[in-house]
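Please look over the structure shown here before reading on.

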Amino acid sequence: MLDQKKEIREALLNRRKNLDPDSVLELSGIIQRRIIESRIFMESSVIMAYIPIKNEVRTELIMNTGLSSGKTVLLPRVIDAERMEAVPVKNPDSDLRKGSMGIMEPHPSIPAFDPLSIDLVILPGVAFDRKGRRLGFGAGYYDRFITRLRKDCVLLAPAYGFQVLDHIPADDYDKPADMIVTEMETIHVSPKCRFIW
């Protein structure tokens, strides 16, 4: 299974790396607009997003819309080799600095937020399948963090259409997304999402 995951990860990361900047902006714009126009986004008070790397779907429209509409917007901050926490940001331009993994994250002086308060997590990933199974970078940060969330917290994965595969091998500890939003479609995986889109 590890070999399968490695092959899928390498193939999809390579394809994503080869996206030109205009495509990243255009597709990310479509995906983000579909998310911010959704009922789940509108009704969520506390949203956790991510800072995109390596041509991931952009999130600035999600964050800025959330902030301008009075929502609490959280971003991940790495604690150690296994754990991360969710930290509120009011200004993504001034509240962030480069973290230990080279990714922009909230400044160490900002206190972390209670994960049980989160309504919606914008979930990054390298690949997904139609049952919500997710392939990340392999470090397991999100899988461990998700276990600390409320059962009704929605895990929403923005993805380019080519990132959605027919099947991804998964272990018991791999946490699936509840819904996936691409530039072409919305895939409802969990029953808790069927009435909130």
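Some questions and answers follow.

Author: This is a predicted model, with residues numbered from 1 along each chain as its sequence is written. Local features need pLDDT of at least 70, side-chain atom pairs count only at pLDDT 80 or more, totals for chains, interfaces and linings use all residues, and side-chain values use heavy atoms, with hydrogens and water left out.

Reader: Are helix 2 and helix 4 roughly parallel or roughly antiparallel to each other?

Author: Helix 2 (residues 21–36) and helix 4 (residues 60–68) pack with their axes 8 Å apart, at an angle of about 30 degrees. Angles under 35 degrees count as roughly parallel, over 145 as roughly antiparallel, 65 to 115 as roughly perpendicular and the rest as oblique. Helix 2 and helix 4 are therefore roughly parallel.

Reader: Does Asp143 count as buried or exposed?

Author: Asp143 is placed in helix 5 (residues 141–146). Buried means under 20% relative accessible area, exposed over 50% and partly exposed in between, with a 1.4 Å probe and protein chains only. Because its relative accessibility is 12%, Asp143 counts as buried.

Reader: Which side chain does the side chain of Arg133 join in a polar contact of 3.0 Å?

Author: Arg133 lies in the loop between strand 7 (127–129) and strand 8 (134–135). A polar contact is a pair of N or O atoms within 3.5 Å; within protein, one must be able to donate a hydrogen and the other to accept it, and residues adjacent in sequence count only if both atoms are side-chain atoms. The Arg133 side chain also reaches the backbone oxygen of Ile168, at 3.2 Å. At 3.0 Å, the side chain joined to that of Arg133 is His167.

How values were computed:
Axes are lines fitted to C-alpha atoms, for helices over the stretch in contact, and angles run from 0 to 180 degrees between N-to-C directions. Helices (H or I, at least four residues) and strands (E, at least two) are DSSP runs, numbered from the N terminus.
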